[in-house]
Amino acid sequence: MRQLTTAVPVLLGPCLAALGPFCQLASAATVVSIGDGDTISVLERGQTLKVRLACIDAPETAQRPFGLASRNQLRSLLPLGSTVSLRVQAVDRYGRSVAEVIGKGLINLAMVQSGQAFVYRPYLGRCDRGAYVVAERQAQAQRLGVWAVPGGITRPWDFRHWGAGHHSAGAVPTAANSSTPVSHPQSAQPSGGQTTCKQIGSFARAQELLRQGHRYLDRNGDGVACESLR
């Protein structure tokens, strides 16, 4: 595996202590393409390196229009040809370097601040958890980006798990701190009568039904259905 060269030693010490050769900084890497809201390619020493932004998860491209908006936001933060440094944390199963990207500030965090990516809590251990969580809460309070939908759109990890066919424009909210995919029980589909939250069994499915017009599921009128299922 090709190791990255060191560029900013002040950021390197804690990384090396935790991950050794997997945590080094690219020297003067140049952005050559933006895949989506959390994936880029850079040119470093004449070789192309694919990078997955660490500690965040952006909407999938199929989650229209949120995936496109996320990609556009990342493009605005990292124009093609711009120079970045990488705080690499690992290499994923696809061979991508998982890294915090430093351009004009910390790009990963900026994506969360703008509401164009979620904090990826299961993989937050080597990032500043407090900073990321606070940024997400502020974006949610301002209803930015993915938070324009009450509760936030379907989380990208759930979207990948369920498959695009189960979603309408990727705009089905899940619990704000959910990291475990939930199922869509077939018996939860209303057929004329009112279905109870217990019968639905899924917070995400309840929000989808609310969006379809089943307002009886939102008993207190706060725009969130079946809060007991959170």
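The side chain of aspartate 36 makes a polar contact with the side chain of threonine 39, at 3.0 Å. This comes from a predicted model. Aspartate 36 lies in strand β1, which covers residues 29-36. The points below start with this residue and then follow the strands.

**Aspartate 36 and its surroundings**
- The side chain of aspartate 36 also reaches the backbone nitrogen of aspartate 38, at 3.0 Å.
- Aspartate 36 has 16% relative accessibility. Buried means under 20%, so aspartate 36 counts as buried.
- Leaving out residues up to four places away in sequence, aspartate 36 touches Thr61, Arg71 and Leu74.
- Threonine 61 is 25 residues from aspartate 36 along the chain, yet their C-alpha atoms are separated by 6.9 Å.

**Strands β1 and β2**
- β1 and β2 form a hairpin, with 2 residues between them.
- The two strands, β1 and β2, pair in the antiparallel sense over 5 bridges.
- Threonine 30 has leucine 43 in β2 as its bridge partner.

**Strands β2 and β3**
- Strand β3 covers residues 47-53 and runs antiparallel to β2, with 6 bridges joining them.
- Valine 42 stands opposite leucine 49 in β3.
- β2 and β3 also form a hairpin, again with 2 residues between the strands.
- In that hairpin, arginine 45 takes a positive phi near 55°.

**A general point on strands**
- In a regular strand, side chains alternate between the two faces of the sheet.

Conventions:
Residues numbered from 1 in each chain as written. Predicted model: local features only at pLDDT ≥ 70, side-chain atom pairs only at ≥ 80, totals over all residues. Heavy atoms only, no water. Helix = DSSP H or I, 4+ residues; strand = E, 2+ residues; numbered from the N terminus. Buried < 20%, exposed > 50% of the residue type's maximum accessible area, 1.4 Å probe, protein only. Contact = heavy atoms within 4.5 Å. Polar contact = N/O pair within 3.5 Å; in protein donor to acceptor, adjacent residues only side chain to side chain. Pairing = 2+ DSSP bridges.
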